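Good morning, and thank you for making the time.

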Number of protein chains: 2
Amino acid sequence: MVDVAVDLVVLTIRGGELCTLLIRRGVAPHKGRWALPGGFVLADEDLAAAAGRELREETGVASVAGHLEQLRTYGAPRRDPRGRVVSVAYLALLPDLPVPTAGSDAAVAHWRPAHTATRLAFDHDTILRDGIERASAKLEYTSLAAAFCPPEFTIAELRAVYEAVWGTDLDPRNFHRKATTTDGFVKATGRRRAQAAGRPAELFQRGDAEVLYPPLLRPR
Amino acid sequence: MVDVAVDLVVLTIRGGELCTLLIRRGVAPHKGRWALPGGFVLADEDLAAAAGRELREETGVASVAGHLEQLRTYGAPRRDPRGRVVSVAYLALLPDLPVPTAGSDAAVAHWRPAHTATRLAFDHDTILRDGIERASAKLEYTSLAAAFCPPEFTIAELRAVYEAVWGTDLDPRNFHRKATTTDGFVKATGRRRAQAAGRPAELFQRGDAEVLYPPLLRPR
DNA sequence: AAAATAGTGTCTATTAGACAGTATGCC
DNA sequence: GGCATACTGTCTAATAGACACTATTTT
């Protein structure tokens, strides 16, 4: 008999950088260390429901926008000094929210750059790494990048998602062509949005396709 | 507090068909139904170790050849009528073995066609479906197809893996070119193997690359 | 007009898909 | 020789990457 927890890798794009939600632990073990948000699964609760509940409690997000999927399960016998805890990690992708750190929990959540976040509690370094790698891979062959964007977004915003997650620059012209011609990726709204300067960009919504074919591969 | 189990989606190619290892349950619940092999994780046992142990017990395979990876965790509150059981599913890919059903367990394992296997115990229909989908997807962008083959194999055998898993025919000439020119996919041994008829095929080993770039995409 | 950002068009290299043709074995 | 399978070469269409150029806004 073991305890089952869910841990959350919550990713968003803030200021052109991939960020993850971390909480500072107020109690032992690993008191004072940064950790992924999470908690124990309730007696009669589904795993995905527990992940959604923790996400709401930590971020205040209804999670209607964005995306939540199971990442991987971590169950090394001594990963938690309190005893045997098997943790089912979930990956959440969210648009940059106006209320990112409003936690009803005692511990307040903070956004931290995801690529450099390290020395986390438990095995959360590994879980975070796995989450970033999953997100990077899924941007290639799914339309999931739009989960980082508000309901209506410009092609430049969509490109910024790829650039932040992959840590590379992409050619704006070629990206525009790929995004707008790949079937089901984005849907034109006809509306436009004015920037600080320059020609106003057309606004798009997420398309119907889950899978991009052909995929949008990372440059090697 | 819940029980944690591992369930195994064990896949191989037999007679040009994708097959999965199933056991007939001898005890309630779901007595007499077909089910994925699996069992409970021991008190101080790592999840991957438990999966490897179950694989050995059910198949007698040392699992040195082949491939074993975590698939996904299934934890719906009422998925097991005995109580709360969270199951961490693993996916194993094996070459067609001379001793496939030698089980030291009371229940004997049998190979069954994977694509048509259905009406399994618990939520094992879903787990098997997810395992097949994972294998199909990973053939596209990894060199994992070789895990289905013996240490030395012909390009035709490698192609048969793709055709069995994807359920499609591939052009032998184009596949040969793709397999032999994609960096790190296969390594020539210089040896040949005589068939029943026709020119003997060159024997290859698995290459160093984990990831295929560019990928070998399923036809749509 | 200058600057800035959005978007289109064009050229080239690479790759996938179709398939003719050649190589090398067994009967 | 006939047949079967392995392998190579060639043509064409689609796609990615590089980048010139046009469009539409603010200052």
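In this model, an N or O atom in the side chain of A:Lys178 lies 2.8 Å from a phosphate oxygen of DNA strand D. I use the term polar contact for a pair of N or O atoms within 3.5 Å; within protein, one must be able to donate a hydrogen and the other to accept it, and residues adjacent in sequence count only if both atoms are side-chain atoms. The model is predicted, so local features need pLDDT of at least 70 and side-chain atom pairs count only at pLDDT 80 or more, while totals for chains, interfaces and linings use all residues. Side-chain values use heavy atoms, without hydrogens and water; residues are numbered from 1 along each chain as its sequence is written, and chains are lettered from A and ligands numbered from 1 in the order in which they are written.

Two or more residues each come from helix H4 (172-181) of chain A, and from helix H4 (172-181) and strand E9 (201-206) of chain B. Helices (H or I, at least four residues) and strands (E, at least two) are DSSP runs, numbered from the N terminus. H4(A) gives the most to this surface, with 4 residues.

How many residues surround DNA strand D? There are 20, and A:Arg173 and B:Glu202 are among the closest; near means that a heavy atom of the residue lies within 4 Å.

Let me turn to helix packing. H4(A) packs against helix H3 (residues 155-166) of chain A at an angle of about 105°, with the axes 10 Å apart. Axes are lines fitted to C-alpha atoms, for helices over the stretch in contact, and angles run from 0 to 180 degrees between N-to-C directions. H3(A) and H4(A) are therefore roughly perpendicular, the term for 65 to 115 degrees.

Finally, is B:Arg79 buried or exposed? At 9% relative accessibility B:Arg79 is buried, meaning under 20% relative accessible area (1.4 Å probe, protein chains only). Its side chain makes a polar contact of 2.8 Å with that of B:Asp123.

Conventions
Buried means under 20% relative accessible area, exposed over 50%, partly exposed in between (1.4 Å probe, protein chains only). Angles under 35 degrees count as roughly parallel, over 145 as roughly antiparallel, 65 to 115 as roughly perpendicular and the rest as oblique.
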